[in-house]
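Student: I've got a model open and I'd like to talk it through, one piece at a time. Can you take my questions?

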Amino acid sequence: MSDELYDELILDHYESPYHRGELESPSCTHTEHNPLCGDRVQLQLQIGSDQRIEQAFFDGEGCAISQAAASILCEHIEGKTLEEIEAFTAAAMLELLKVRLTAVRQRCGLLGFKVLKTLAYSYDGSHDEAAEASA
Amino acid sequence: MARTMRRPRLRPEFQFRFPVSSCLFETRGQRVVGTIRSDFPILGRPLSDGTPLVYLDSASSAQKPQVVIDSLSECYSTYYANSHRGVYQFGVQVDEALEGTRARVAAMIGADHPEEVIFTSGTTMSINLVASAWGRSRLSSGDELLVNEMEHHANLVPWQQLASETGASLRHIPLTDDGRLDLERLDECLTSRTRLVAVTGMSNVLGTVNPIGRLVERAHAVGALVLVDGAQSVPHAAINVQEPRIDFLAFSGHKIYGPTGVGVLYGRRELLEKMDPFLCGGNMISEVGLTESSWAELPAKFEAGTLPVAQAIALGVAVDYVQGIGFDEIGRIETALLREAQQRLSEIPDVLIHGPAVEHKGAIVSFTDERVHPHDMAELLKRKGVAVRAGHHCTMPLHAWMGVVATTRASFALYNDSTDIDVLVDGIQYARKVLRCD
């Protein structure tokens, strides 16, 4: 019988995460903590010239929800453009997890999402700078 | 407006009969242990899904006995008024009830004078009061404050702030490997430059009960004052501020079965008298001119603004309740619970209990399970009705010292019993099963 919170999807990702680890030369890296429970999620993206996420890797430690959510996130965003990431909402992220989270656990479930949004927001600038520098 | 100032029409023969009737409050010396639990209505109420509550979070806040709940309701429904010299009937009743609480708190902790008991909002405010009113004008570069890594943020951050404001430095008593203060190494950090030692009576995570007597002796020998954070220790063990001679003692009402919003700072009178005010405003003044003011006597000097009247009165009832059971009995109940919990949790493979052996600690068991993250543990224990806390429990430096980011903490009080431990242990196994790591 599937658990209402720790269901197959969450536990599968917790036990065998998708792309846990680090990229050799990521386009961008960012880490966030959940100060209340000490969850940590680092996200690394490899972004192509077409502004598309080619690879996403996460690392960190924390509860099953925060780590599984980061894994599910990485799987979901690969192949998406930054424009699509901009349109990606917290509600949509929570839907991906397929379980209902209380307000407290939403902090865990959305930790990786917060990192992604931070990266996507700041990436434009650095990308432009890099482009200008090489021009 | 003038109406409130008019002389109230009180019959001279009027006899007050306040329900909380304080000083004469009947104690419950012959209580049978089995009935303690039934004094706490919340413990008899199942959770929304019908599961019985197993409350193991008393270190965070204790549940309230019916007498405390009744006291609040009684105050608000039969004699509530603001405190401080309302001449009408309720004003007088409230003042008498408040002073009754002050006297009972003073008696409980062995204070010489009731005015050495200052009502605050809680431990945090009590400690901030000392840091500000004692520290700011007294400390300067070269002075030292002595704390340690096991302190709650409330007994650490105010001293960090005081040090940064005054140029004083903060030093730390080293901890032993099992999480006790290493008094063998006290000479390394306690010097003639030490002005104050701030120390918890009992760690809110490790449960460590600190040797306050020996610390006081050593601190006073070098001329340093001692502030004891009694938030965890005062509800669980008798304390007497005369022996050892504690300079400041802070604790909270809500952890000693009283209401939230009220706490106590005890300070030795000669210290409090020399200290500056903390908060300024109503009640704390003697005379106010347009450009300057003089301060009221103790305790009013440190009680600016409206007090939590009903809560402070109910705190007196909580003190009566605790003393009615008696600290000997409380100690007996809680030590038995601690021994059992510690034993049964230590039998579970891959569960690590943090802190010293039971003879050095109070009834708090903080643990990590190598298989289940504390947050998941608390979540899954919740389903079994178990209320525990997961996280750093406002002790980030201590968790850094332990090398973990979070722990699960089960804390016990006089209303817990062995059944609670059974459910906790079963719950840990259940959590492992759900997370497929049993």
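Student: Let's start with helix H13 of chain B: what end-to-end reach does it have in Å?

Tutor: Keep in mind that this is a predicted model. Helix H13(B) covers residues 418–434, 17 residues in total. At 1.5 Å a residue you'd expect 24 Å, and the distance from its first C-alpha to its last comes out close to that, at 24 Å.

Student: Moving to strand E6 of chain B, how many of its residues are buried?

Tutor: The strand spans residues 225–229. Leu225(B), Leu227(B) and Asp229(B) point one way, Val226(B) and Val228(B) point the other way, and all are buried. In general, side chains in a regular strand alternate between the two faces of the sheet. E6(B) is largely enclosed by the rest of the structure, because the buried count is 5 of the 5.

Student: What is the handedness of the crossover from E5(B) to E6(B)?

Tutor: Strand E5(B), residues 194–200, runs parallel to E6(B), with 5 bridges joining them. Between the two, the chain passes through helix H7(B), residues 212–221, and this β-α-β crossover is right-handed.

Student: Which residue of E7(B) stands opposite Asp229(B)?

Tutor: E6(B) also runs parallel to strand E7(B), residues 248–252, through 3 bridges. Asp229(B) is the bridge partner of Thr200(B). Over in E7(B), Asp229(B) stands opposite Ala250(B).

Student: Now the two chains together: how many residues of chain B are in contact with chain A?

Tutor: Chain A brings 11 residues to the contact. That side of chain A divides into 8 nonpolar, 2 polar and 1 charged. The number from chain B is 12.

Student: And chain A on its own: what radius of gyration does it have?

Tutor: Chain A has 6 helices and 3 strands, in the order α-β-β-β-α-α-α-α-α from the N terminus. Its C-alpha atoms fill a box of roughly 60 × 25 × 25 Å along the principal axes, and 36% of its 135 residues count as buried. A compact globule with 135 residues would have a radius of gyration near 14 Å, so chain A agrees with that at 15 Å.

Technical notes:
Residues numbered from 1 in each chain as written. Chains lettered and ligands numbered in written order. Predicted model: local features only at pLDDT ≥ 70, side-chain atom pairs only at ≥ 80, totals over all residues. Buried ≥ 20, exposed ≤ 12 C-beta atoms within 10 Å, placed from the backbone. Helix = DSSP H or I, 4+ residues; strand = E, 2+ residues; numbered from the N terminus. Pairing = 2+ DSSP bridges. Right-handed = clockwise from strand over helix to strand, strands pointing away. Contact = placed C-beta atoms within 7 Å. Nonpolar A, V, L, I, M, F, W, Y, C, P; charged D, E, K, R; others polar. Expected span 1.5 Å × (residues − 1). Rg over C-alpha atoms; globule rule 2.2 N^0.38 Å.
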